[in-house]
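These are my notebook entries on one protein chain. I looked up its cores, its helices and a few backbone angles.

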Amino acid sequence: MLLRLLPQFELWRDVGPWLAARGSAAAADTSENSSALYVVNVERNGKIIYTWKGNQRNTHIGLYDLQTKQNEHLYMFEKDLHIISCSINNERTLLAVSFRQYTEQETASQLLQSVSKYLALLIEIHPINNVRVLKAVDSCIRVQFLYPVEDRSASTESRLLLVSEDKYIELFDIRVVAEEEHRVVIQKSGQLPRAKVADDLVWAQWDMMEQRLFYIVPKESKSTLRCVQFYPDENFNSILESHLDISVNETQLKLVNFGYDYCQDQDVASKSLNLQVFTSKAGGLCVCCSLASDTPDEIMYSIYFLHKGEDARIDRLQTCSIRSPLVSTALDCRAGNLYAVSITDSALLQLLQKSKQDSERLAALHCALLYFQHTEDLEMQIIRWISENLSTCHSFDPIQEFIIASLYCRMCPETQNLDKLLPYTSLLDWTGVVPGVMCATDIISLPMLDFQNSKGFWEKLNSNLESVKYAEPHLHYQNNVLRREWQNLSEEREERRTTAYLRNIFENAKKVLSHLDTWDSEARLVPLFEEEDYQQQLLMGLMVAQLKDHLMRHLQYVGKKKIDQIVLDYVANLLNLIHRILKEVWRRYQLHSRVFCFDERGSAGEFAVFHIMSRILEAANGMCMPLPPGFHTLHLGLGVRCLPLHTLLHYIDNGVLQLTETCVRKLLKDLDDTEQNEKLKFSIVTRLPEALGQKVRQFWNHPINENLIARNYVKLLLEKLENRQCSRPIPERFSVPVEFLPLNYLTNMLAEIENQGVHLYEKQDHVNARFIEEMALKHTMTLLGLKYS
């Protein structure tokens, strides 16, 4: 199973023996549908309230403390009652109970009498003293004490929510006084003070942990979602109001997290609004509502976000007896068991590895990265899965998702609101990722917020709403401008690369490289070369500059120094993640540094790594991400070892492999001049960019290379001549007598151009008109089959 359920409380295990010791018959009735013993509520402090029937069919209420593992008897009714809800205050001095007064048989005999069907009582239990009637009505009632969010000493005042099936909620203020013998009793001041919290509601949800009340009030064609926040200082305030396009006509009141009535809740579920509010610590709030559908077997849900609207068709949300009263817990109300819920890392990885649907793979990948916080072993297993499934994911690139999601999870916790500014996925939208899901996003009018205390969740939610109100259309960092600027600067001429702007860009790149994690000896397993790569350093520096500008626009309060650090961490982590992938696949295929020798062909493992590196390159190009220093050299080295010549040249011509000085120089120096190697070397040197060719051709002392140098020299020199005026060449006799007049004319012309200062190969003194003549004669004699001396 994906979820790990660790039993914190099991009704029959933790309560049954205690009841048996008291001689209760309820301990023996363990049938699934038994009403002899069941849980009615879980309080904020983890105390579990349950009820059972005694031997005389009297009704008992007990309490189990999760901390002490102890049971406590709270109260007994000398009648067979159906307890609907029950709550105990934080000080454990007062007990609120609501119940149906009579059994089904007794109800029939009471129809002619004016006796209320339901009662809500307030009971003093420290020790047991007085009982006060809060409500006596014919409609069902739920009760719930408020709990202070912050720990505080014992209070003389308790507050109690009372929710009526007649669609209203009241708040009672209850003051107590301490008397002799540690008696705590309610102040005798007549009727208890109370205030109306909500009216005309059709749905309500109680957030026990954060002491929030969400409820919905129907208004003509639309409904209004409201939220009341209860504060530790005993005040409360309605702080949220947002319109929902949900029809709630003729629905029965639905209550979520107000205890559990195992009979009534199932009956109400089919006649009420199936809706739930979800909140996150990051200040996110959404409403998920089940809608009726005219199509059989089709379940329609609307998901409403406060900062963006999104309608979707998703799987059914089950309406059953499973509740989550505490954070990361699940209460099986029917069985009476409370579980601590966590995600099983092994099961999550199995889901990632065995799933055949892109939507499940994507969800499992993000969940693993977010939930398990990048443990070394987890990353290794995810990278292994990625390397095995590069071609099986059709809706997304797993390498891109791993890098982008990992960066998001690592960077966002350290700075507030950074999560809204950094990309969390490589996907532009979710359409087509999840089969059958149709998403339509529309900016709607923002909800009203009016709160007294903006700390915690509400501060974050308000910040989220404000950022949407004033932010640019695409708040998350985009790479479109980066790609365009990188391409423009890559095409700049050499002499323009010394501008102050470019100097600043390359200074950014140096900071990133110095900011990289220190690679230990194991990292040398992957023979990455510490070499300068103009294109990649340019991309690094540009990413730093543009990401810094992006964050400065929206995080001005953070400060420039902090933003500089965030940006350097982001780009450095990006490079480290790519290196992490390389290290894992290198270890998996047991490769060594010998892969950079060209005197033997590559193994099957090397070919697999070459393929993975090609996909890393594709992913990086797709997201316009820089690569670690030496990546292209290593990639080209593997290509030379693993690919046939025609495929190698095809990869080079199409930009998959990039010719680097380190790799080409080693290839020219290390390989001997066999016929096959000559063909390889010649194919490589003819494809070199001119600037790189000038640096590395000198390492191949071969007639073919010399002939190529001469040809290129003449070609470029004559191209220069088109824009220059030169005097008539003066014939000059060279050391080798030549009677071929066209060659005489050409060599004299080249000599005159050189005399006028048009030198292309200033660093290679052996390239001049005499050298050209020598190469031309050699080439001609070879073609004629004559000996040249």
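I began with the term that the first entry needs: a nonpolar core is a set of buried Ala, Val, Leu, Ile, Met, Phe, Trp, Tyr and Cys residues joined through side-chain atoms within 4.5 Å. I took buried as under 20% relative accessible area, exposed as over 50%, and partly exposed as in between, with a 1.4 Å probe and protein chains only.

I noted that this is a predicted model, in which local features need pLDDT of at least 70 and side-chain atom pairs count only at pLDDT 80 or more, while totals for chains, interfaces and linings use all residues. Residues are numbered from 1 along each chain as its sequence is written, and side-chain values use heavy atoms, with hydrogens and water left out.

**Entry 1: cores.** I looked up the largest nonpolar core, which has 108 residues; Ile382, Phe402, Ile403, Leu551 and Ile616 touch the most other members. The greatest contribution to this core, 15 residues, comes from helix H12 (residues 560–588). Helices (H or I, at least four residues) and strands (E, at least two) are DSSP runs numbered from the N terminus. I also recorded a second, separate core of 37 residues, with Ile49, Leu95, Ile125 and Val176 among its members.

For contacts I used heavy atoms within 4.5 Å. Setting aside residues up to four places away in sequence, isoleucine 382 touches Leu349, Leu352, Leu365, Ala368, Leu369 and Phe402.

**Entry 2: isoleucine 404.** Is isoleucine 404 buried or exposed? I found a relative accessible area of 3%, so isoleucine 404 is buried. Isoleucine 404 lies in helix H7 (residues 398–411). Beyond its neighbours within four places in sequence, its contacts are Pro423, Tyr424, Thr425, Ser426, Met623 and Met625. I also noted leucine 577, which is 173 residues from isoleucine 404 in sequence and 9.8 Å from it in space, C-alpha to C-alpha.

**Entry 3: helix H13.** Helix H13 (residues 604–623) has 20 residues and spans 29 Å from its first C-alpha to its last. I counted H13 as mostly covered, with 14 of its 20 residues buried. Cysteine 624 follows H13 and has a positive phi, near 55°.

**Entry 4: helices H15 and H17.** The contact involves Leu645, Leu648, Leu649 and Ile652 of H15 and Lys679, Leu680, Ser683 and Ile684 of H17.

**Entry 5: positive phi.** I checked arginine 57, which is not a glycine but has a positive phi of about 60°. Arginine 57 sits in the loop between strand E3 (48–53) and strand E4 (59–65), and is partly exposed at 43% relative accessible area. Arginine 92 has a positive phi near 60°. Its place is the loop between strand E6 (82–88) and strand E7 (94–100), and arginine 92 is partly exposed at 29%.

**Entry 6: whole chain.** I recorded 21 helices and 28 strands. Of the 789 residues in the chain, 51% are buried. Among contacts between residues at least 6 apart in sequence, 60% join residues at least 24 apart.

Conventions. Expected span 1.5 Å × (residues − 1).
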